[in-house]
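Here are my notes on this model, as numbered points. Please read them with the structure open.

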Amino acid sequence: MNILNIGDIINIVRYMAEIIIDNEKYFNQLDSFTGDGDCGSSLGKGFKVIIEKWGGIPKTNIGAFLRGCGMMITENCGGASGPIWGAAFMNASRYAKEKTELNLNEISEMMKCAVDGIQKIGKAGLGDKTLLDALIPSVKSLEQSCELKDDIPLAMKKSAAAAVAGAEKTKELVAMKGRASYLGERSLGHPDAGATAVGVIFTGVSKKFMKD
Amino acid sequence: MKKIINCVQDVVIEMCNGLVKACPEQIEFIEKYKIIKKKVLNKNKVTLISGGGSGHEPAHAGYVGTGMLDAAVCGDMFASPSIIQVYNAILQTRSEKGTLLIIKNYSGDCMNFDSAADMAQEEGVKIEKVYVNDDVAVQDSLHTVGRRGVAGTIFVHKIAGVAAENGMDLLQVKAIAERVIDNVRSIGFALTSCTVPANGTPTFDLPDNEIEFGVGIHGEPGIARETIKTADEIAEKMVALIVKDLPFKPEDEAALMINGLGGTPIQELYILNNSVHNSVKKRGIQIYKTYVGNYMTSIDMAGASVTLLKLDNELKELLDSPVEIPASKFI
């Protein structure tokens, strides 16, 4: 399988929403060691609205669909998650525009745009102990898959593994952004909740995608 | 979890409705965007808007009224309100003299309020912003998100609020707000964590003989866990840090706030005030005015914060002015 069409992208976002909603309590728990315990609820809120208003989201092309989701996330996700995840979706939608299918190179470019969107609004980088520490390795993995000419399911699997590994590494980082940064050295030893959530979501999506 | 509650998802809405029912002549609730705003706006003065996550009551909705805020935007528990919520608050309280946003320095609040301000500016609203970062627990650094905005925010609301009420223009009100921010310092400690309704259990556990020092107002751990101290010891430790940070000097005049974090009995706040007064006075600092109570809480966290604001004559006069807000409606 060498392309994702609009139907695939729609399914992927749906899987993301289901995984986020199923893991709300777990993500909250992850966020309580060094945060305020609301990572799951904040994300979940926006994605529940996406499911609720699923019928009304445009599905004519990938850009319009991602933009519709991005707006709902921005409007409904709580706290910092709204702007950050919203920026990811909106920037991805700006790349995708009116395309109705993406090959692996285009998927990789689109994910890079998503990361750029997050960095622009959140001003964090690799090593600051944020969700970027899972996302940036996962995007690097997609780039490698492009060079190796992996098919898409394999690329997704490898990318998810890279996200999980990146999230695990955040245990060794002192948080420089977000609420965990107030704890300084005490943030060591706990993985970042946002990065871990990205690992869980990407792994779940990759598995579900392969099943269907 | 034992709380006075109906459904977890209705906490913020029911709380806002309950607040309005206590002061129906003064404030109203825009449920769609979870905004508490003054019923009757004065379009000839600078509009003041603040807000943030819920869970800090009476902050911020309790400070909507004459002499303080025109609107408070209520996010979910401990989560910043969304861009759309803040944007609508700005549009619905638009005045002839522009809008000042009082933003507590947290990533979520900064992102959402900043983006909302950009959107509203495109609609022609004149906007200025100030960021409150009074907590000294965290060292400020270029590489981090900076210091948290905590109880000192209340002084910004009041002093800037009265300045706006007195007819100052947008840049003047902003300058006064920034002067308060530059001269206010706080630090807090916790005897327990807090329980967020959606989670049902305390965010962290704290043994009986330990405290968290240098806590914020969102239930996260502090900068250090220590064995419990006496009121005098904790007061001395907190005052020493605050005084050194600004620094406050002998002969300086200051306003003092002993702020309960929600779960501490008033009697303990008065005991803390007694100890803090001693620590402040022995450093030669004159306490001009003292405030004791729950001003910026963390749901049901047991603990308190101490805030000192260095005053000059203009700030004293503004601070002395009466205000009419739900939070001061005792009797």
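1. The interface comes first, and the model is a predicted one. Chain B puts 31 residues into the contact and chain A puts in 28 residues. On the side of chain B that touches chain A, S4, helix H2 (83-92) and helix H3 (107-122) each supply at least two residues. H3(B) gives the most, with five residues. By class, this side of chain B has 13 nonpolar, 15 polar and three charged residues.

2. Look next at H2(B). This helix is mostly covered, with seven of its ten residues buried. Among them are Ile83(B), Val86(B), Tyr87(B) and Ile90(B). Gln85(B) and Asn88(B) are buried as well.

3. One open sheet in chain B has six strands in the order S1-S2-S4-S3-S5-S6, with mixed pairing. Its edges are strand S1 (27-30) and strand S6 (127-132), each of which pairs on one side only. Ignoring direction, neighbouring strands in this sheet are turned by 20° against each other on average. Within it, strand S3 (residues 47-54) and strand S4 (residues 71-77) of chain B pair in the parallel sense, over five bridges. Ser54(B) has Met77(B) in S4(B) as its bridge partner. Helix H5 (residues 170-183) of chain B lies across strand S5 (99-104) and S6, and runs at about 5° to S6(B).

4. Strand S7 (residues 184-190) and strand S8 (residues 210-213) of chain B pair in the antiparallel sense over two bridges. In that pair, Phe189(B) stands opposite Phe213(B) in S8(B).

5. Glu253(B) has Gln286(B) in S11(B) as its bridge partner. Between S10(B) and S11(B) the chain passes through helix H7 (residues 266-281) of chain B, giving a right-handed β-α-β crossover.

6. Now a helix pair. The axes of helix H4 (residues 152-165) and helix H8 (residues 313-320) of chain B come within 8 Å and cross at roughly 85°. H4(B) is therefore roughly perpendicular to H8(B). Lys158(B), Ile159(B), Val162(B) and Ala163(B) in H4(B) meet Leu315(B), Leu318(B) and Leu319(B) in H8(B). The contact of H4(B) with H8(B) has six nonpolar residues, no polar ones and one charged residue.

7. The backbone deserves a check. Most residues other than glycine have a negative phi, and most peptide bonds are trans. The peptide bond from Ala59(B) to His60(B) is cis, with omega near 0°. His60(B) lies in the loop between S3 and S4 of chain B. Leu246(B) and Pro247(B) are also joined by a cis peptide bond, with omega about -5°. Pro247(B) sits in the loop between H6 and S10 of chain B.

8. Which phi values stand out? Lys34(B) is not a glycine, yet has a positive phi of about 50°. Lys34(B) lies in the loop between S1 and strand S2 (35-38) of chain B. Lys34(B) is buried, because 23 other C-beta atoms lie within 10 Å. Lys123(A) is not a glycine either, and has a positive phi of about 60°. Its place is the loop between helix H6 (104-122) and helix H7 (132-148) of chain A. Lys123(A) counts as partly exposed, because it has 13 C-beta neighbours inside 10 Å.

9. Last, a residue in chain A. Phe209(A) is found in helix H9 (residues 193-211) of chain A. Phe209(A) is partly exposed, because 19 other C-beta atoms lie within 10 Å; the cut-off for buried is 20 or more. Leaving aside neighbours within four places in sequence, Phe209(A) is in contact with Ile12(A), Tyr15(A), Pro153(A) and Met156(A). The C-alpha atoms of Phe209(A) and Lys157(A) are separated by 9.8 Å, and the two residues are 52 residues apart along the chain.

Conventions: Residues are numbered from 1 along each chain as its sequence is written. Chains are lettered from A and ligands numbered from 1 in the order in which they are written. This is a predicted model: local features need pLDDT of at least 70, side-chain atom pairs count only at pLDDT 80 or more; totals for chains, interfaces and linings use all residues. Two strands pair if DSSP finds at least two bridges between them. Helices (H or I, at least four residues) and strands (E, at least two) are DSSP runs, numbered from the N terminus. A crossover is right-handed if, with the strands pointing away from the viewer, the path from the first strand over the helix to the second runs clockwise. Axes are lines fitted to C-alpha atoms, for helices over the stretch in contact, and angles run from 0 to 180 degrees between N-to-C directions. Two residues are in contact if their C-beta atoms, placed from the backbone, lie within 7 Å. Ala, Val, Leu, Ile, Met, Phe, Trp, Tyr, Cys and Pro count as nonpolar, Asp, Glu, Lys and Arg as charged, and the others, Gly among them, as polar. Angles under 35 degrees count as roughly parallel, over 145 as roughly antiparallel, 65 to 115 as roughly perpendicular and the rest as oblique. A residue is buried if 20 or more other C-beta atoms lie within 10 Å of its own, exposed if 12 or fewer, and partly exposed in between; C-beta atoms are placed from the backbone.
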